[in-house]
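The following exercise is set for a student who is learning to read a protein model. Please study the sequence and the structure before turning to the questions.

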Amino acid sequence: MSLSDHPRVYGSAALAVAFIAGVFMTLGFKDLYPELEARYERRKKRSRRGSIFFGPVSLEDRETSSVSSFDRGNGIVDGVEGTIGNTPLIKIRSLSEATGCLILAKAEYLNGAGGSPKDRVALNMIQVAEDQGLLSPGRGDTIYEGTVGSTGISLAVLARARGYKAHICMPDDMAIEKSDLLHHLGATVERVPVTPITDPGHFVNLARTRAKEHTAASDTPSRGFFADQFESLANYTAHMKTTGPEIYAQTDGQLDAFVAGAGTGGTIAGVTKYLKEERDLTSLRVVLADPQGSGLYNKIRHGVMYSSTEREGTRRRQQVDTMVEGIGINRITENFEAGRVLIDDAVKVTDEQACRMARWLVEHDGIFIGSSSAVNCVAAVVTALKMPKGSRVVTILCDSGTRHLSKFWKHIAAMGLEDETHEQDEDLLAVLGLQGLRR
């Protein structure tokens, strides 16, 4: 038998022919069916997203242990807790065009439990309390908190999901839709008169007292847990573990400024500590966005809390002389102090500027936000105008305008802003009264 008749030769030849044919078929398939190839590539990209709803976000730079409780993952998530975290980073086109910088906003109102960054805080505070044995599902425990709204809403949702009750104390001048929502979520709500933090009747002090009274009661094995968002370090660490790493991943570590307001101070402290300390972004400029009447602006800029609006008889309300809810305070919390030395500057925003910004974003970008988000966006614009063109500025969209209809948005309507229309080429700086910052 000749070599050419040997079966191994025929087998090898057949394999070679099949391989070459396969290469040509594959190349031809790609040329003939580019759309199918494109679909395949899109599916590969989607499979790498941190969430089927929000992305794309690379998780490669995150430590798995620090984000496991907040990562939405792919496919089915476990309970309402699984809808928290991995929110999108939105380019706000109109603000970017007006400033010459890329202004990006972390859409925290898309957290799926309470619809704000407080979802992250509430979940972390509950988990820490459970780990410490302070909360136990099924025992009848109640979570108590003093809040202007958002933290209470997040706690009310997560309390029910994890087998607890919620009791919320809040100032009586907050938007009524917040307390209405809390009632619908099954929480007990106490709206109390606005008083200084030194008063036992202050909403935070009252929540602490209610928790102690609950635990001391002898007629029930259940316990009362005071969440204490202002002083609990579980607040800022939630953002250090999740919000900061998400922003870093979404920007590939390429950001020049981070702008955020402070109520408890957890968001700005946690994100800043992660970016500056964990990721060593020492050149990052961190800017506090502060509403009128708050003392934090003066603390950052001048080292003291005093503000001329703090003189007796000059303020409309005891806490902060502003219609803005959620940020602005006249004392230093443990959470804010944790990151205070890392904050580089502060921008004071008036109520009118916040109102005009909120209306502008609806009209130009279709973004409907609340008062604290509007303050953040004004401060982001001011910050961007002081930086080189092309800089990346990241800020926070805290909650939706639907929680501010009876107060903030009602005031916007009273100002006549909803009757005004702006052309696409309208000067944003003129609208905000920031002409002096023009490049």
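The questions and answers below concern this predicted model.

Q: How many helices and strands does the chain have?
A: The chain has 439 residues, of which 53% are buried. Its secondary structure comprises 16 helices and 10 strands.

Q: Among contacts between residues at least 6 apart in sequence, what percentage join residues at least 24 apart?
A: The count concerns contacts in the chain between residues at least 6 apart in sequence. Of these, the share that join residues at least 24 apart is 71%.

Q: Is Ser 222 buried or exposed?
A: Ser 222 lies in the loop between α8 (203-216) and β6 (224-226). Its relative accessible area is 6%. A residue counts as buried under 20%. Ser 222 is therefore buried.

Q: Which side chains make polar contacts with the side chain of Ser 222?
A: Apart from residues up to four places away in sequence, Ser 222 touches Arg 139, Gly 140, Asp 141 and His 214. Another, of 2.7 Å, joins the side chain of Ser 222 to that of His 214.

Q: Are α9 and α10 roughly parallel or oblique to each other?
A: Two packed helices are described by the angle between their axes and the distance between the axes. For α9 (residues 233-250) and α10 (residues 266-278), the angle is about 55 degrees and the axes are 7 Å apart. Angles under 35 degrees count as roughly parallel, and 65 to 115 as roughly perpendicular. The two helices, α9 and α10, are therefore oblique.

Q: How many nonpolar, polar and charged residues does the contact of α9 with α10 have?
A: α9 passes α10 in a right-handed crossing. Residues of α9 that meet α10 include Tyr 236, Met 240 and Ile 247, while those on the α10 side include Val 271, Tyr 274 and Leu 275. By class, the contact has 9 nonpolar, 7 polar and 2 charged residues.

Q: Is α5 roughly antiparallel or oblique to α9?
A: Helix α5 (residues 118-131) packs against α9 at an angle of about 125 degrees, with the axes 8 Å apart. An angle must be over 145 degrees to count as roughly antiparallel. The arrangement of α5 and α9 is therefore oblique.

Q: Which elements are included in what covers the buried residues of α7?
A: The buried residues of helix α7 (residues 176-184) are Glu 177, Lys 178, Ser 179 and Leu 182. After α7 comes Gly 186, whose phi is positive, near 90 degrees. The cover over the buried residues of α7 includes α6 (150-162), β4 (165-171) and β5 (188-192).

Q: What distance separates the C-alpha atoms of Phe 368 and Gly 401?
A: Phe 368 is found in the loop between α13 (351-365) and α14 (371-385), and it is partly exposed, with a relative accessible area of 32%. The residues that Phe 368 touches, beyond those up to four places away in sequence, include Gly 401, Leu 405 and Trp 409. Phe 368 and Gly 401 are 33 residues apart along the chain, and their C-alpha atoms are separated by 5.4 Å.

Q: Is Phe 336 buried or exposed?
A: Phe 336 is found in helix α12 (residues 334-339). Beyond its neighbours within four places in sequence, its contacts include Ile 268, Leu 288, Leu 296 and Ile 300. Its relative accessibility is 2%, so Phe 336 counts as buried.

Q: What is the relative accessible area of Ser 96?
A: Ser 96 lies in helix α4 (residues 93-99). Leaving aside neighbours within four places in sequence, Ser 96 is in contact with Lys 91, Cys 101, Leu 102 and Ile 103. Ser 96 is buried, and its relative accessible area is 7%.

Notes
Residues numbered from 1 in each chain as written. Predicted model: local features only at pLDDT ≥ 70, side-chain atom pairs only at ≥ 80, totals over all residues. Heavy atoms only, no water. Helix = DSSP H or I, 4+ residues; strand = E, 2+ residues; numbered from the N terminus. Buried < 20%, exposed > 50% of the residue type's maximum accessible area, 1.4 Å probe, protein only. Polar contact = N/O pair within 3.5 Å; in protein donor to acceptor, adjacent residues only side chain to side chain. Contact = heavy atoms within 4.5 Å. Axes fitted to C-alpha atoms, helices over the stretch in contact; angles between N-to-C directions. Left-handed = near helix turned anticlockwise from the far one by under 90°. Nonpolar A, V, L, I, M, F, W, Y, C, P; charged D, E, K, R; others polar.
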